[in-house]
Amino acid sequence: MNVKPDFNKGKNYAETAPAFLSVWNMESYYGESYIVQNISFNVHEGEILALLGRNGAGKTTTLRSIARMNSPQVTAGEIWLDHQPLHKMASYEASRAGIGLVPEDRAIIPGLTVEENLQLAQIAPPIGWSLERLYDLFPRLGERRKQEGVTLSGGEQQMLAIARALARDIKVLLLDEPYEGLAPVIVDEIEKTLRIIKEQGITTILVEQNAVRALELADRAVILDTGTIVFDGAAAEVLGNEELRSEYLAI
Ligand SMILES: Nc1ncnc2c1ncn2[C@@H]1O[C@H](COP(=O)(O)OP(=O)(O)OP(=O)(O)O)[C@@H](O)[C@H]1O
């Protein structure tokens, strides 16, 4: 059975009403390589959207495109965040407009303590959560505030990377594989904090290889396959659809 055309039959996401974050007909390239191939999807305010797909499907490229990083090059389409045209912005402007990207490598700055990493994020406005509030959310970071950031455990570094995003006044948190390499008990801890962050009204796009864990947390899911969207719908629908899971997520 060819399942591919059926999941989104008749839908044209570019024609849906603008949401809090809207990606419309976006195309992204690395040099000559056409990676994100005309995708459109909406993210609603306050929800967690799981962006899933096999290795190389284009998930990281999509996050980097939304965050307006120098590479990839977004050659077509529009990206709107709360009525602001992200597609016309450089990465520092997208950050100021409320995009907080937590990259897969976590990008903790060597030579700086936990606290200094957080303070550096607040060197210019818009300033987000206070250090006290961040340490309330991540007590382990408070206990280790004087420790050099890069000497933290993998889970603690992930917490620091998320805390650093929240240290700025963000509207949307873009998380690239936050559970990678972490023990299930640490994943539980991070998942709990992501639920609290959601309760505070922050919108999240979660890219994750651990699709089941991501779907259990997310409200909705978008699945990419070689740079195109093959599913856009409720996270629970993916969990309950064995065909979709095995075809695109190998779970
Ligand atoms: N800097 C780059 N230069 C050229 N090609 C790249 C670059 N980064 C990624 N690609 C290619 O773009 C495609 C999509 O990569 P991307 O990292 O977005 O996928 P992904 O879905 O996030 O995969 P993974 O789950 O493995 O991280 C892949 O074919 C990859 O090889």
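**Notebook: a predicted model**

I began with Ser 28, which is buried because 25 other C-beta atoms lie within 10 Å, and the cut-off for a buried residue is 20 or more. The model in which I looked this up is predicted.

**Entry on Ser 28**

I located Ser 28 in strand 1, which covers residues 21-30. I then asked which residues Ser 28 is in contact with, leaving aside neighbours within four places in sequence. I found Ile 35, Val 36, Thr 61, Ser 65, Pro 72, Gln 73 and Val 74. I also looked up the separation of Ser 28 from Asn 117: the two are 89 residues apart in sequence, and their C-alpha atoms are 31 Å apart in space.

I checked the peptide bond that joins Ser 71 and Pro 72 and found it to be cis, with omega about 5°. Arg 68 is also placed in the loop between helix 1 and strand 4. I noted that the phi of Arg 68 is near 65°, a positive value in a residue other than glycine. Is Arg 68 buried or exposed? I recorded Arg 68 as buried, because it has 21 C-beta neighbours inside 10 Å.

Pro 126 belongs to the loop between helix 3 and helix 4 (131-137).

I also looked at Ala 250, where phi is positive at about 55° although the residue is not a glycine. Ala 250 is in the segment after helix 10 (242-249). I recorded Ala 250 as exposed, because 10 other C-beta atoms lie within 10 Å and the limit for an exposed residue is 12 or fewer.

**Entry on Leu 175**

I placed Leu 175 in strand 7, residues 172-176. Leu 175 counts as buried because it has 28 C-beta neighbours inside 10 Å. Which residues does Leu 175 touch, not counting those up to four places away in sequence? I listed Val 102, Thr 204, Leu 206 and Val 207. For Val 207 I also noted the distance: Leu 175 and Val 207 are 32 residues apart in sequence, and 6.0 Å apart from C-alpha to C-alpha.

**Entry on helix 3 and helix 6**

Two packed helices are described by the angle between their axes and the distance between the axes. I looked up both values for helix 3 (residues 114-121) and helix 6 (residues 154-166): the angle is about 30°, and the axes are 8 Å apart. Helix 3 is therefore roughly parallel to helix 6, since angles under 35 degrees count as roughly parallel. The crossing of helix 3 and helix 6 is right-handed. On the side of helix 3, the contact is made by Val 114, Asn 117, Leu 118 and Ala 121. Helix 6 contributes Leu 160, Ala 163 and Arg 164. Sorted by class, the contact of helix 3 with helix 6 has 5 nonpolar, 1 polar and 1 charged residues.

**Entry on helix 6 and helix 7**

I then turned to the packing of helix 6 with helix 7 (residues 184-199). What angle do helix 6 and helix 7 make? I found an angle of about 15°, with the axes 10 Å apart. Helix 6 is thus roughly parallel to helix 7. The crossing of helix 6 and helix 7 is right-handed. I noted Gly 155, Gln 158, Met 159 and Ile 162 in helix 6, which meet Ile 186, Glu 189, Ile 190 and Thr 193 in helix 7. By class, the contact of helix 6 with helix 7 has 4 nonpolar, 3 polar and 1 charged residues.

**Entry on the whole chain**

How many helices and strands does the chain have? I recorded 10 helices and 10 strands. The radius of gyration is 18 Å, close to the 18 Å that the globule rule gives for 251 residues, so the chain is as compact as a globular protein of that length. Along the principal axes, the C-alpha atoms fill a box of roughly 55 × 40 × 35 Å. I noted that 43% of the 251 residues count as buried. Among contacts with a separation of 6 or more, 69% are between residues 24 or more positions apart.

Technical notes:
Residues are numbered from 1 along each chain as its sequence is written. This is a predicted model: local features need pLDDT of at least 70, side-chain atom pairs count only at pLDDT 80 or more; totals for chains, interfaces and linings use all residues. Axes are lines fitted to C-alpha atoms, for helices over the stretch in contact, and angles run from 0 to 180 degrees between N-to-C directions. Helices (H or I, at least four residues) and strands (E, at least two) are DSSP runs, numbered from the N terminus. Angles under 35 degrees count as roughly parallel, over 145 as roughly antiparallel, 65 to 115 as roughly perpendicular and the rest as oblique. A crossing is left-handed if the near helix is turned anticlockwise from the far one by less than a right angle, and right-handed if clockwise. Two residues are in contact if their C-beta atoms, placed from the backbone, lie within 7 Å. Ala, Val, Leu, Ile, Met, Phe, Trp, Tyr, Cys and Pro count as nonpolar, Asp, Glu, Lys and Arg as charged, and the others, Gly among them, as polar. The radius of gyration is taken over C-alpha atoms; the globule rule is 2.2 Å times the number of residues to the power 0.38.
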